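Please consult the sequence and the structure below alongside the text.

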Amino acid sequence: MQSRVLVVGIDGVRLDVLRRLPTPYLDALAADGFLTPVEVDADTPTMSGPCWATIVTGVTAAKHGVWSNDFTGHRLDVFPDFATRLAGQDGRRTFVAAGWRPLMQVRDGGPLFRAPSRSVFIEPAADTPEAWERCDEQITDAAVAVLTVDDMDASFVYLGAPDETAHFLGCGEAYEAAVRQADRRLGRLLAAIRSRPSCADERWTVLVVTDHGHVDAGGHGGRTPQERTAWLAATGPGIGAAPPEVRHADVAAQVCAALGRHPDRHWTLDGRPFAAAPHAVLLDMDGTLVDTEALWLRTVRETVPEADVTHVLGRSVSDTATHLHTLTGDDPRKLAADLEARFLAAVRQEATPLPGALELLDLLRELNIPAALVSASSRPVMDAVLDVLGPDRFRTTIAEGETPRTKPAADPYLAAARSLGVDPAACLAVEDSPTGVTAAEAAGCRVLAVPSYAPVAPAPRRTVLPDLKGIGPRELWTAGL
């Protein structure tokens with residue numbers, strides 16, 4: 001399946017106005033995904049130039065350097081728009097259609113869109129609401145022609161009439177009519193996507209966003225809630241309910257993620273995606289996929305009844321033996337050998353998959369997402385578990401002793417990502433213990449935690465679920481973001 005993205009930017013649409021109007025195409029899109037408020041960053045002027053620059057570059061004004069509708073002094077060479085970045089760095093085909101001069105022309109310090117693969121610029125014949133409506137219609141015609149037949153990976157279509165109407169006539173009936181007309185043009189763009197001969201073999205992400213609001217009289221640039229409140233509607237693979245907070249800078253990050261392009265750390269984006277297919281899923285074994293954590297704790301307690309389980313969850317045999325030595329004074333090597341032998345025997349006789357584990361592994365195979373097994377258990381224990389899970393479910397496996405350090409160090413997860421040829425930051429790690437979570441996060445992975453015997457709290461880039469049951473694509477796309 002080919003992934004494609006369409007971003008529709010509708011300038012200056014107030015959220016409260018939008019919510020009371022019949023906008024069937026936007027409503028249908030939101031019903032399939034979400035529509036949520038976006039607050040303009042506190043340091044960003046509520047003007048089109050700074051806001052659109054943040055939306056399409058993924059960085060705030062402090063980085064892109066656009067502070068007004070005159071783009072002079074910008075830093076767009078360092079922080080380019082997504083259409084230019086994807087075309088120049090990845091060879092993706094990108095398309096931009098717009099009628100506002102700074103977006104497309106060198107005049108006024110522009111253009112914001114520096115070098116997409118293809119572009120259409122149609123300037124309105126006059127700076128009036130009527131001329132802008134005609135311009136938006138021509139822009140929509142041009143975009144429909146491209147979207148219907150051309151294989152563009154990422155497209156941006158700008159509609160400016162609502163903003164210009166508010167400037168001239170305020171936020172009254174004419175403004176509301178302009179918003180409804182923009183919705184009808186959105187419907188034409190969506191119909192163009194659906195009419196593509198290859199549509200059945202494509203996965204489309206559609207993002208519709210506004211830059212700022214207006215005061216009742218029609219102006220903007222101030223700090224009132226009506227001016228600072230923007231919005232984003234989104235639908236596509238993995239996109240479900242709205243996340244707790246969405247920022248303008250997230251749009252460019254989401255465009256890249258929807259195309260399977262994990263943002264490079266050197267881009268220093270301020271935004272982050274709200275739905276992104278993991279490039280690989282790296283799974284812990286004990287207590288996550290198989291019910292061996294109970295066997296391990298039983299083995300430890302049979303050896304040293306007073307042992308604290310928080311010191312042994314997710315830990316290797318050697319680390320556990322070292323800890324038990326502090327309690328008993330016994331030779332740690334003998335402790336380790338005894339623990340290993342009895343734990344291995346228990347695993348061979350009693351290990352069973354946890355609820356949802358096999359279904360998750362089957363889903364990863366169906367989605368063609370590489371899976372790795374990453375454990376602090378020894379290779380003999382892992383091989384015994386693989387007999388239960390099926391070794392063909394994993395592209396690579398990392399056991400204790402096969403990296404310089406084991407969990408809670410990052411080494412096992414870094415080794416698994418390296419073996420799969422993926423960036424650890426683009427991987428989702430699935431863990432049950434604080435020790436494993438520490439290792440995965442130290443490697444830079446997104447984390448899905450399913451706690452077993454010790455609690456794990458939610459945190460940035462960490463999602464906590466009660467178990468693996470019912471995990472589908474949307475959970476995989478959003479976990480750890």
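The buried residues of helix 11 are Asp250, Val251, Ala252, Ala253, Gln254, Val255, Cys256, Ala257 and Ala258. The model described here is predicted.

- Helix 11 spans residues 250-258 and is mostly covered, with nine of its nine residues buried.
- The cover over these buried residues includes strand 1 (2-10), helix 3 (48-57), helix 5 (82-90), strand 5 (154-159), strand 6 and strand 7.

**The seven-stranded sheet**

- Strand 1, strand 5, strand 6 and strand 7, which are among the elements covering helix 11, also belong to an open sheet of seven strands in the order 2-7-6-1-5-3-4.
- The pairing in this sheet is mixed.
- Strand 2 and strand 4 (118-121) are the edge strands; each has a single partner strand, so one side of each is left without a neighbour in the sheet.
- From one strand to the next, the twist averages 15°.
- Strand 1 and strand 6 run parallel and are joined by eight bridges; Ser3 has Arg203 of strand 6 as its bridge partner.
- Strand 7 (residues 229-235) is mostly covered, six of its seven residues being buried.
- On one side, strand 7 pairs with strand 2 (residues 34-39) in the antiparallel sense over six bridges, and Phe34 has Ala234 of strand 7 as its bridge partner.
- Strand 7 also pairs with strand 6 (residues 202-209), again in the antiparallel sense, over four bridges; here Val206 stands opposite Thr235 of strand 7.

- Another open sheet contains six strands in the order 10-9-8-11-12-13, and its pairing is parallel.
- Its edges are formed by strand 10 (396-398) and strand 13 (462-464); each has a single partner strand, so one side of each is left without a neighbour in the sheet.
- Neighbouring strands in this sheet are turned against each other by 20° on average, direction ignored.
- Strand 8 (residues 280-283) and strand 11 (residues 427-431) run parallel and are joined by four bridges; within this pair, Val281 stands opposite Leu428 of strand 11.
- Helix 17 (residues 411-420) packs on the sheet, where it touches strand 8, strand 9 (371-374), strand 10 and strand 11.
- The direction of helix 17 makes about 160° with that of strand 10.
- Helix 18 (residues 434-442) lies across strand 11, strand 12 (446-449) and strand 13, and runs at about 165° to strand 12.

**The chain as a whole**

- The protein chain comprises 19 helices and 13 strands.
- Its C-alpha atoms fill a box of roughly 90 × 45 × 40 Å along the principal axes.
- Of the 481 residues in the protein chain, 58% are buried.
- Among contacts with a separation of 6 or more, 67% are between residues 24 or more positions apart.
- The accessible surface amounts to about 18,700 Å², and carbon and sulfur atoms contribute 51% of this area.
- There are 46 positive and 64 negative side chains in the protein chain, and the centres of the two sets lie 2 Å apart.

Note on methods: Residues numbered from 1 in each chain as written. Predicted model: local features only at pLDDT ≥ 70, side-chain atom pairs only at ≥ 80, totals over all residues. Heavy atoms only, no water. Helix = DSSP H or I, 4+ residues; strand = E, 2+ residues; numbered from the N terminus. Buried < 20%, exposed > 50% of the residue type's maximum accessible area, 1.4 Å probe, protein only. Contact = heavy atoms within 4.5 Å. Areas by Shrake-Rupley, 256 points an atom, 1.4 Å probe, with all protein chains shown as cover. Lys, Arg positive; Asp, Glu negative; His and termini not counted. Charge placed at Lys NZ, Arg CZ, Asp CG, Glu CD. Pairing = 2+ DSSP bridges. Axes fitted to C-alpha atoms, helices over the stretch in contact; angles between N-to-C directions.
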